[in-house]
Each structure stands twice: as structure tokens, then as C-alpha cells.
Amino acid sequence: MPTRMTHKIEARSVTGGQRRIGRPRGATAASKIYTDLRTELLSLQRRPGEAISEAEIALSYGVSRTPVREAILKLSDEGLLEIFPQSGIIVSRIPMAALPEAIIIRKALEETTARLAAERATASQILVLRAILERQREAEAARDSGAFHQADEVFHGTIAEIAGHPGIWKLIQQVKVHVDRYRRLTLPQIGRITQVIAEHEAILAAIEARDGSGAGIAMDRHLEGLLGSITATQSLNPEFFDEPG
């Protein structure tokens, strides 16, 4: 089984000549386009280095270029797109230098949410976490990395909610933009998804046991794996990463 991930760009509705159902207008259009493009960028449906056409996107949504440009500028501010005046727009490559810091910030914040969740979780909330973990097992069996990633996000976000600090997860989402793209490249590596499920099980077991210290340690170990995989993942997918200058 090959360890290198080969991405197939899924057919998208953002292509010249095709139109989305319904035509969003004004601020609604910019928000819709931003959300759709951001999802495509984070999921690597739009690959680093790929060109972005304002005209094609505007045509597909049946809008002018103004809301498209607004969405693109916002994504550029997040570091997901690069705009070259008089040249074009491309999907930014994943910055190697930014990954360790973002992961360290995430570790510090989620160690806290895991510890607090262990102290505060109700029986029904623990059942919710277990159901999310079961969805991840189903996604693994179906070899659906997209569904697995979505369930992963819900698992971590739910822990923050149980901890009583959902705003922490919102902050983490802002910090981990590039980490999300990098993580999507780690999932096809042999044994990675199985390992993640085992690590989630350890976190959940500690929460269920009301072991705040153990939950924090389990979360720290879980996210530490992302730090250790950066170099190997970059070597398997060098075209997706931007080396420090």
C-alpha cells in the first residue's frame, strides 16, 4: 500500500460555464463564496499552487466579480491565497515555518479543555463523544477520510463545549488554518487513522474516569504526533509545502 498521498481533484461546481443553484446577492454572496472556497482550500480540493479565476467563480455563482474579490481578499488575509497584481491568484503553499507554532498553541489550549471536560462532563455528554468516536470508526471502515476529518473536528469542538469554553475552539480554528491542510495529508499514511482513533479513545476514557490530569496528558500526546510528522509528510508531498526563505 503506497504511503504517498495522491490527490484527485473532485469535480467542483466552481467551473466555467456551470452555475450554482440560486444566485446569492451582495454580502450574502461574498459570505457564501468565502465559505465554499475556504472549505475547498482546507480540504485540499484546491491544491497549493493551483490558479484561482475570479471570472470563473463569478460566472458559476451568477454574480459580479465584486463579492468574489471580497471573499478572495479575506482568504488572502488568512494566508490561504496569494494575490499577485497583474499576474493572478494562486492557492498558497503550506508554510513549514508556521506549523510548529500553531500546533504548540493548539496543544496548550486543548490540554486545558480536555482537563476541564473531565471535571464537568455529564453522562449524556460522554455518550455524545462516544457516538462521535463511533462515526470515526465507520469512516475508517468506509475509507472516507473526509468524513473522518469532519468527525474529528466535532470531537475536539465538543470537548471544548463540555469544558464550558466553546470560544477556545473558535480561537483554535483561526490558529490552525494551515495545520488543517497539513493534517489532511497525514490521514492516508499507513496506520494514521487507526492511531488517531486510539488516541481519541484514550482521551475519552480519561474524561469518563473524571481524570482531568490524565485527559490533559492524553490530549497533549495526541497533538504531539502532529509535530513529529511534519518532516515526513513534507517529504512525501514536497509540492504542497513552502520552505522557509
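A nonpolar core is a set of buried Ala, Val, Leu, Ile, Met, Phe, Trp, Tyr and Cys residues joined through side-chain atoms within 4.5 Å, where buried means under 20% relative accessible area (1.4 Å probe, protein chains only). This is a predicted model, in which local features need pLDDT of at least 70 and side-chain atom pairs count only at pLDDT 80 or more, while totals for chains, interfaces and linings use all residues. Residues are numbered from 1 along each chain as its sequence is written, and side-chain values use heavy atoms, without hydrogens or water.

**Cores**
- The largest nonpolar core has 41 residues, and Leu129, Ile159, Tyr182, Ile207 and Phe241 have the most contacts inside it.
- At least two residues of this core come from each of α4, α5 (123–141), α6, α8, α9 and α10; helices are DSSP runs of H or I, at least four residues, and strands are runs of E, at least two.
- Apart from it lies another core, of 20 residues, including Ile52, Val63, Leu80 and Ile89.
- Tyrosine 182 touches (heavy atoms within 4.5 Å) Leu226, Ile230 and Phe241, among others, not counting residues up to four places away in sequence.

**Helix α10**

**Sheet**
- Three strands form an open antiparallel sheet in the order β1-β3-β2; strands pair if DSSP finds at least two bridges between them.
- β2 and β3 (residues 88–91) pair over four bridges, and glutamate 82 stands opposite isoleucine 90 in β3.

Methods: Buried means under 20% relative accessible area, exposed over 50%, partly exposed in between (1.4 Å probe, protein chains only).
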